[in-house]
Amino acid sequence: MRLAFLSAALVAIGLTACSKQPQPAVTPTPEPPTRTEPAPPPPPPAPAGPSCDMVIASMVSELGTMINFDTDRFEIRSDAAGILDRKAEVLRSHPAVRLRITGHADERYTDEYNLVLGTRRAEAAKDYLVRRGVDASRMETASLGETQPLDRASTEEAWAKNRRDEFTVLSGRETLASHIAGCR
Amino acid sequence: MKRRILVAAALLLCVARVEAQDTTRAVLRLLYDDPKVRPGLVVLPAPALDSVRAIVERDLDYSDRFEMIFLPTAMEPVSGPEINWGPYRAMNATLAVQLAPLPAGTGVTVRLWDVGSGLLRNEGTAILDLAGEGEGRLAIHRVADEIVRWATGTPGIAATRMLYVSDNRIWRVDSDGYGARVLTPGGRIAYSPAWSPGGDRFAYTELTEGQGLVVLQSVATGSRTVFPTTQSTMNITPAFSPDGRWLAFSRVVDRSYALHQADVQALCCVQRLTAGRFAENLSPTYSPDGRRIGFVSTRAGPPQIYAMSADGTNVELLVPFDYGRTGASFAPDWSPDGIQIAFHRQMGGGFQVMVYNLTTERVRQVTSEGTNEDPAWAPDGRHLVFVSTRTGRRQLHVIDLETGRVRVLTTPTSAQLPAWSGRLAGP
């Protein structure tokens, strides 16, 4: 939820900055100035550059948001559906972007079958995105089973985190701000 | 029953012979070949051969073929040609192993004595590194295996090794838990090791960001060969055929895992074995005659154990289950004698190791403490290595199915997916 807000804010920033209308009221980094620090980095030369980069970064983060699964299952949960809906929107409006979806499992189920479970979880997300209008050829799937836990603890909380799909932008990253005037 | 009568007859025969020629060394032919009979065995003190004696004694213990008699450390060593059998008879020893150094420390003379008669059963020599370290341990393990063969007619399983996965790398360890060594490079994810029949190389899956490659690696040199055509999708759970010609593995085709078989020598000719689009098929295991392949399939819904001819025809359910009641079943391993399938099955909150006997058509649960997974047969067909959490972390355990005895095979780090080699001939 917070991420969605953030990315929406950043898109707004990108819109204003890239349209080259200086608006000092909206500053990208509203931190209080730190007096103990040495001189701040020099301002970037092109005013459009950093904002476009920030839009791209927020889009990549939107696309990269993980989804989680129930134990031994690969059905898309309602919380995951919301996350995938936002990805579908980004993907539909940026047709050059390609994604890899990697499924993961927690340590409890059978080691080798967890590779299958990971594949099923990745395919489930892909299927969902296809139903939301994303071309299947833009997504590849992979599985790492239980080999890459996010949390190595053997607790319900850790297992819940580890049962997930990860999303990686394979190509087209630079086009993710193309909807903003002034960005490519 | 018939065998027991024969053994009894042989025993009488031997006693008669012993009485007839009590002053000379006679070779006793009595074999303790009934797997349930465990003669008392003692390894005699061998002062100059402490390391060798310790390894041989442990190996004989781990063979589970003997009622071991461990001597108090204060026991006087055997000196001179005559052994005083009195104390050993009092300890109920039936057999005694004597180790004596060869001249110039090049190896040992090994003798197996019949304690009751004081007669020599077997004698042999072995060239050994007496320090008993590193690669030299395997030669000492072979001495123990030969002693088991002398006594029971079947060699022991000490000169074997296990492969296992720890922290996404493949390790090798001697059957007694010593000499653990990592074999695959760091920074990669290696999974599902499988021995070649000769034990000179192994196959495994290397998981990358997007594919599962099948890799063949030499144990001695570490040289790696990526099996051609495995770079494009997920290829998992490789297994060698018993003659070493074929490699079976599971590959994603049409979005589900299908079993394939490929020519290992020619590194080519991947052919699909299982048909059908909506079932997962994985974890192949060849029958010892190479004619059939057992595997896990979801074709009926829950994962269960099936078998088919090695060409992919004649698929049938291998291990029976009650639909909706029996837990999911995984990781089959076909026994060297061909009549047993070890696997693990979901029970309560975890998994337990099971053995299905093809002759009696019965499933036997062989573990109950903690969660227990991924059994693999020893070449003697009576021991299994498996992963258990009973000590608090994933560790390898070995069970003797005849006696039920379990030992922990201590490895430096947590362990999963063990594979047990055949008897190893090389160094």
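Two strands are taken to pair if DSSP finds at least two bridges between them. Helices (H or I, at least four residues) and strands (E, at least two) are DSSP runs, numbered from the N terminus. Good morning. The model under discussion is predicted: local features need pLDDT of at least 70, side-chain atom pairs count only at pLDDT 80 or more, and totals for chains, interfaces and linings use all residues. Residues are numbered from 1 along each chain as its sequence is written, while chains are lettered from A and ligands numbered from 1 in the order in which they are written.

I begin with a sheet in chain B. Four strands form an open sheet in the order S13-S14-S15-S16, with antiparallel pairing. Its edge strands, S13 (235-240) and S16 of chain B, each pair on one side only. From one strand to the next the twist averages 25°, where axes are lines fitted to C-alpha atoms, for helices over the stretch in contact, and angles run from 0 to 180 degrees between N-to-C directions. Within this sheet, S14 (residues 246-253) and S15 (residues 256-263) of chain B run antiparallel and are joined by eight bridges. B:Trp246 stands opposite B:Asp263 in S15(B).

Strand S16 (residues 268-272) of chain B contains B:Cys269. That cysteine has a positive phi of about 60° although it is not a glycine. Is B:Cys269 buried or exposed? A residue is buried if 20 or more other C-beta atoms lie within 10 Å of its own, exposed if 12 or fewer, and partly exposed in between, with C-beta atoms placed from the backbone. B:Cys269 counts as exposed because it has 12 C-beta neighbours inside 10 Å. B:Asn314, also not a glycine, has a positive phi of about 55°. It sits in the loop between strand S19 (304-309) and strand S20 (316-317) of chain B. B:Asn314 has 10 C-beta neighbours inside 10 Å and therefore counts as exposed.

Next, helix H2 of chain B. The expected span of a helix is 1.5 Å times one less than its number of residues. For the 13 residues of H2(B) (residues 50-62) that gives 18 Å, and the end C-alpha atoms are 18 Å apart, which agrees. Its buried residues include B:Val52, B:Ile55, B:Val56 and B:Leu60, and also B:Arg53, B:Glu57 and B:Asp59. An α-helix has 3.6 residues a turn, so residues three or four places apart point the same way. Among the elements against which the buried residues of H2(B) pack are strand S1 (40-43), helix H4 (137-152) and strand S28 (406-409) of chain B. After H2(B) comes B:Asp64, with a positive phi near 60°.

B:Val56 brings us to the core. A nonpolar core is a set of buried Ala, Val, Leu, Ile, Met, Phe, Trp, Tyr and Cys residues joined through C-beta atoms within 7 Å. The largest has 142 residues, of which B:Val56, B:Ile147, B:Ala203, B:Leu384 and B:Val385 touch the most other members. H4(A) gives the most to this core, with eight residues.

Finally, chain A. It holds five helices and four strands, and buried residues make up 36% of its 184 residues. Two residues are in contact if their C-beta atoms, placed from the backbone, lie within 7 Å. The contact between the chains takes 15 residues from chain A and 24 residues from chain B. On the side of chain A that touches chain B, H4(A) gives the most, with five residues.
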